[in-house]
Amino acid sequence: MHSRLTQRLSKHFDNEIRFFRSWVNKPKTVGSVLPTSTAAARKMARVISPSSTAPVLELGPGTGIITRAILERGVKPENLYSVESAREFIPKLQDDFPGVNIIHGDAFHLNEVKPGLGDMKFSSIISGLPLLNFKLDQRLNLLNDLLDRLYAGHPFVQMSYGTKSPIPPNWTTYSVEPLNWVAFNIPPVRLWVYRRTQFGQAHHVENVG
């Protein structure tokens with residue numbers, strides 16, 4: 001029992017050290033000095049329909065906390081595609097999640113990441129990318145690209161350390177919905193859901209900027 005606890009604690013701190021080093025080396029692509037909490041990861045994964053057989057796309061898996069929550073939701077490893085830009089995370093992700101499609105590449109250029117990935121449709125997209133670190137036009141282009149990769153009406157979930165949506169609403173083409181505020185994350189994180197909508201069906205969210 002003591003040995004298992006020691007192993008879990010060791011793994012936890014190893015992940016935090018790895019995440020911190022990545023933040024130091026590439027602060028723009030890592031949103032926080034600490035990994036996402038399990039509570040936030042599970043809330044993000046809840047938007048996934050366990051009965052769906054369509055693949056799920058994960059952006060920015062980092063140390064794999066959100067990846068694990070997605071698999072616990074019932075997604076088969078072979079149906080999960082996880083795209084990570086930090087090469088140092090890739091070997092550990094591959095070891096921890098055999099069968100998952102762990103891909104090194106840039107989420108802002110998905111068509112260049114893996115042959116065939118650009119033609120795929122997904123049931124859900126879960127993102128841990130630090131969008132506020134990027135220019136607004138980059139965020140908008142990414143959102144529209146991702147929504148085109150989803151089946152109609154299916155969710156794209158994004159976490160953000162800001163109090164407002166990192167992507168402004170455009171009621172003519174997509175909706176923006178606040179999902180949860182996770183106070184137990186360090187720092188606290190807000191979750192947002194975006195969906196492609198038909199003209200006039202999206203709702204406007206005032207606290208977006």
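How exposed is Arg196, by relative accessible area? Arg196 has a relative accessible area of 23%, so this residue is partly exposed; on this scale buried means under 20% relative accessible area, exposed over 50%, and partly exposed in between, using a 1.4 Å probe and protein chains only. Welcome to a short tour of the model around that residue and a few others. This is a predicted model, in which local features need pLDDT of at least 70 and side-chain atom pairs count only at pLDDT 80 or more, while totals for chains, interfaces and linings use all residues. Residues are numbered from 1 along each chain as its sequence is written, and side-chain values use heavy atoms, with hydrogens and water left out.

**Overall layout**

- The chain has five helices and seven strands, where helices (H or I, at least four residues) and strands (E, at least two) are DSSP runs numbered from the N terminus.
- Along the sequence, these elements follow the pattern α-α-β-α-β-α-β-β-α-β-β-β.
- The chain has 209 residues, and 42% of them count as buried.
- Contact here means heavy atoms within 4.5 Å. Among contacts between residues at least 6 apart in sequence, 67% join residues at least 24 apart.

**Helices H2 and H3**

- The axes of helix H2 (residues 38-45) and helix H3 (residues 65-72) come within 8 Å and cross at roughly 45 degrees. Axes are lines fitted to C-alpha atoms, for helices over the stretch in contact, and angles run from 0 to 180 degrees between N-to-C directions.
- H2 and H3 are therefore oblique to each other; angles under 35 degrees count as roughly parallel, over 145 as roughly antiparallel, 65 to 115 as roughly perpendicular and the rest as oblique.
- The crossing of H2 past H3 is right-handed, a label used if the near helix is turned clockwise from the far one by less than a right angle, with anticlockwise giving left-handed.
- On the H2 side, Thr38, Ala41, Arg42, Met44 and Ala45 take part, and they meet Ile65, Ile66, Ala69, Ile70 and Glu72 in H3.
- By class, this contact of H2 with H3 has seven nonpolar, one polar and two charged residues. Ala, Val, Leu, Ile, Met, Phe, Trp, Tyr, Cys and Pro count as nonpolar, Asp, Glu, Lys and Arg as charged, and the others, Gly among them, as polar.
- Leu71 is also found in helix H3 and is partly exposed, with a relative accessible area of 23%.
- Not counting residues up to four places away in sequence, Leu71 touches Lys76, Pro77, Leu80, Phe97 and Val100. Leu71 and Val100 are 29 residues apart in sequence, and their C-alpha atoms are 9.3 Å apart in space.

- The structure holds three aromatic pairs. Rings of Phe, Tyr and Trp (its six-membered ring) pair if their centres lie within 6.5 Å; planes under 30 degrees apart count as stacked, over 60 as edge-to-face and the rest as tilted.
- Tyr81 and Phe122 have ring centres 6.2 Å apart and planes at 70 degrees, so the pair is edge-to-face.
- Tyr81 lies in strand S2 (residues 80-84) and Phe122 in the loop between S3 and S4, so the pair ties together parts that are 41 residues apart in sequence.
- Tyr81 and Phe122 are both buried.
- Ser123 lies in the loop between strand S3 (101-104) and strand S4 (124-127), and counts as buried at 4% relative accessibility.
- Leaving aside neighbours within four places in sequence, Ser123 is in contact with Ser52, Ala54, Pro55, Val56, Leu150, Tyr151, His154 and Pro155.

- Arg196 is found in strand S7 (residues 189-196). Not counting residues up to four places away in sequence, Arg196 touches Asn144, Leu147, Asp148, Gly153, Thr173 and Tyr174.
- Arg196 and Val176 are 20 residues apart in sequence and 9.5 Å apart in space, C-alpha to C-alpha.
- Pro178 lies in strand S6 and is partly exposed, with a relative accessible area of 38%. The C-alpha atoms of Pro178 and Tyr194, 16 residues apart along the chain, are separated by 9.1 Å.
- Pro169 lies in the loop between strand S5 (156-160) and strand S6 (174-182), and counts as partly exposed at 22% relative accessibility.
- Along the chain Pro169 and Tyr194 are 25 residues apart, with 9.0 Å separating their C-alpha atoms.
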